[in-house]
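Here is a short briefing on one protein chain. Keep the sequence and the structure in view as you read.

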Amino acid sequence: EAWLLPPVPTTQVITDVDDTVKSSGGLRMGGIALGGVDEQYARGTFYPGVVQLYLEMSKHGLPPGRPPPPVAVITARARELKFCIGLTKTCSLYTRFADAGARHGYPRWGIGPVLYGSVIEWILQFRKGQRKFKNFRALRRGSGYPTSVKYVYVGDTGERDKEAADHMVLHHPEAMRAAFLHAVGPARNEWRDYAVNGVPVVFFRTYVGAAVKAARMGVIDHAGLRRVVDAARREMYLVGIQEGSEPWRELVEDIAMAEEELRTAIEWKVTDAFHRAGLDNHHHKA
């Protein structure tokens with residue numbers, strides 16, 4: 001199912017980290033997952049295209065000269081363990097986002113507020129969804145943004161992010177633009193998109209696939225989709241994805257889907273331009 005969303009003046013992206021922005025590698029300690037369940041990519045690998053998609057969503061619809069809001073992080077990482085697993089401004093998460101912003105003319109864009117969980121959620125993992133929802137409410141209260149700002153939440157299916165997303169769109173649909181969930185783990189092909197209170201909750205295997213859905217919904221434009229595809233193409237080789245592997249096949253399939261989406265968009269624009277000019281596109285081609 002596809003949803004075309006009305007334009008909004010400002011969008012802020014809210015994200016989880018592990019298995020959302022970068023892979024946890026499925027690492028466990030004492031049977032407890034240390035951040036996630038994704039074993040497709042090596043631990044710490046940034047998913048191809050992820051940073052570019054976040055930038056495209058953040059800046060879409062903004063007038064020239066207005067900086068996009070920074071990406072807010074809602075994580076279940078324990079604040080009591082920040083000394084060893086906290087996010088610092090010298091870590092790869094901060095530097096990758098800051099570098100992308102600077103390259104595209106937004107030197108102040110990158111990672112903004114970070115809201116942590118606690119050791120309790122690390123032990124009682126069923127509480128992670130509630131914690132992330134509480135952090136979302138805390139973010140809204142402390143953001144200082146006007147009510148016209150809408151949020152896009154990006155998480156994954158392995159760490160109760162779906163539960164958090166459901167609470168967001170159920171209790172605060174007026175604030176939510178959409179929720180995107182990275183499908184990880186053995187059941188990653190079984191998820192189906194749906195909407196709650198008119199807010200789409202969509203699933204994706206790759207960030208190219210997420211960008212296609214974002215373009216169809218109007219959360220990014222087709223020029224932004226092209227930039228995500230190009231970024232993912234570069235990064236899939238930089239991170240060393242083995243040709244023929246499952247992650248490689250999924251990216252290739254979603255890139256093909258994106259290219260078809262872009263071709264269709266160009267054909268529609270050409271046809272529309274001919275109609276507006278009072279010309280017959282098919283006759284002109286002949």
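**Where two helices meet**

Val51, Tyr54 and Leu55 in helix α1 meet Arg96, Phe97 and Ala100 in helix α3. The contact residues comprise five nonpolar, no polar and one charged. This is a predicted model. The points below start from this contact and move along the chain.

**The α1 and α3 pair**

- Helix α1 covers residues 50-59, and helix α3 covers residues 92-103.
- Their axes come within 10 Å and cross at roughly 55 degrees.
- α1 and α3 are therefore oblique to each other. The cut-offs explain the word: under 35 degrees would be roughly parallel, and 65 to 115 would be roughly perpendicular.
- The crossing of α1 past α3 is right-handed.

**The α1 and α7 pair**

- α1 also packs with α7, at an angle of about 20 degrees and with the axes 9 Å apart.
- That angle makes α1 roughly parallel to α7. The cut-off for this label is under 35 degrees.
- α1 passes α7 in a left-handed crossing.
- On the α1 side, Val50, Leu53 and Tyr54 make the contact.
- Why can residues three or four places apart point the same way? An α-helix has 3.6 residues a turn, so residues at that spacing face the same way.

**How covered is α1?**

- How many residues of α1 are buried? Ten of the ten are, so α1 is largely enclosed by the rest of the structure.
- The buried residues of α1 include Val50, Val51, Leu53, Leu55 and Met57.
- Gln52, Glu56, Ser58 and Lys59 are also among the buried residues of α1.
- Just after α1 comes glycine 61, with a positive phi of about 85 degrees.

**Helix α7 and its ends**

- Helix α7 spans residues 207-217 and is mostly covered. Nine of its eleven residues are buried.
- Among the buried residues of α7 are Tyr207, Val208, Gly209 and Ala210. Ala214, Ala215 and Met217 are on that list as well.
- Threonine 206 caps the N-terminal end of α7. One of its side-chain oxygens lies 3.3 Å from the backbone nitrogen of valine 208.
- Glycine 218 follows α7, and its phi is positive, near 85 degrees.

**Alanine 232 in helix α8**

- Alanine 232 belongs to helix α8, which runs over residues 222-238.
- Is alanine 232 buried or exposed? Its relative accessibility is 0%, so alanine 232 counts as buried. The cut-off for buried is under 20%.
- Leaving out residues up to four places away in sequence, alanine 232 touches Pro48, Gly49 and Val208.
- Alanine 232 and threonine 206 are 26 residues apart along the chain. Their C-alpha atoms are separated by 9.2 Å.

**Lysine 150 in strand β6**

- Lysine 150 sits in strand β6, residues 149-156.
- Which residues are in contact with lysine 150, leaving aside neighbours within four places in sequence? They are Val8, Thr10, Thr11, Gln12, Glu174, Ala175 and Arg177.
- Glutamate 174 is 24 residues from lysine 150 along the chain. The C-alpha atoms of the two are separated by 8.0 Å.

- Aspartate 19 has a positive phi, near 70 degrees, and is a residue other than glycine.
- Aspartate 19 lies in the loop between β1 (10-15) and β2 (28-29).
- With 0% relative accessibility, aspartate 19 counts as buried.
- Asparagine 197 also has a positive phi, near 55 degrees, in a residue other than glycine.
- Asparagine 197 lies in the loop between β8 (194-196) and β9 (199-204).

**The whole chain**

- The protein chain has ten helices and nine strands.
- Of its 286 residues, 50% count as buried.
- Take the contacts with a separation of 6 or more: residues 24 or more positions apart account for 69% of them.

How values were computed. Residues numbered from 1 in each chain as written. Predicted model: local features only at pLDDT ≥ 70, side-chain atom pairs only at ≥ 80, totals over all residues. Heavy atoms only, no water. Axes fitted to C-alpha atoms, helices over the stretch in contact; angles between N-to-C directions. Helix = DSSP H or I, 4+ residues; strand = E, 2+ residues; numbered from the N terminus. Parallel < 35°, antiparallel > 145°, perpendicular 65-115°, else oblique. Left-handed = near helix turned anticlockwise from the far one by under 90°. Contact = heavy atoms within 4.5 Å. Nonpolar A, V, L, I, M, F, W, Y, C, P; charged D, E, K, R; others polar. Buried < 20%, exposed > 50% of the residue type's maximum accessible area, 1.4 Å probe, protein only. Polar contact = N/O pair within 3.5 Å; in protein donor to acceptor, adjacent residues only side chain to side chain.
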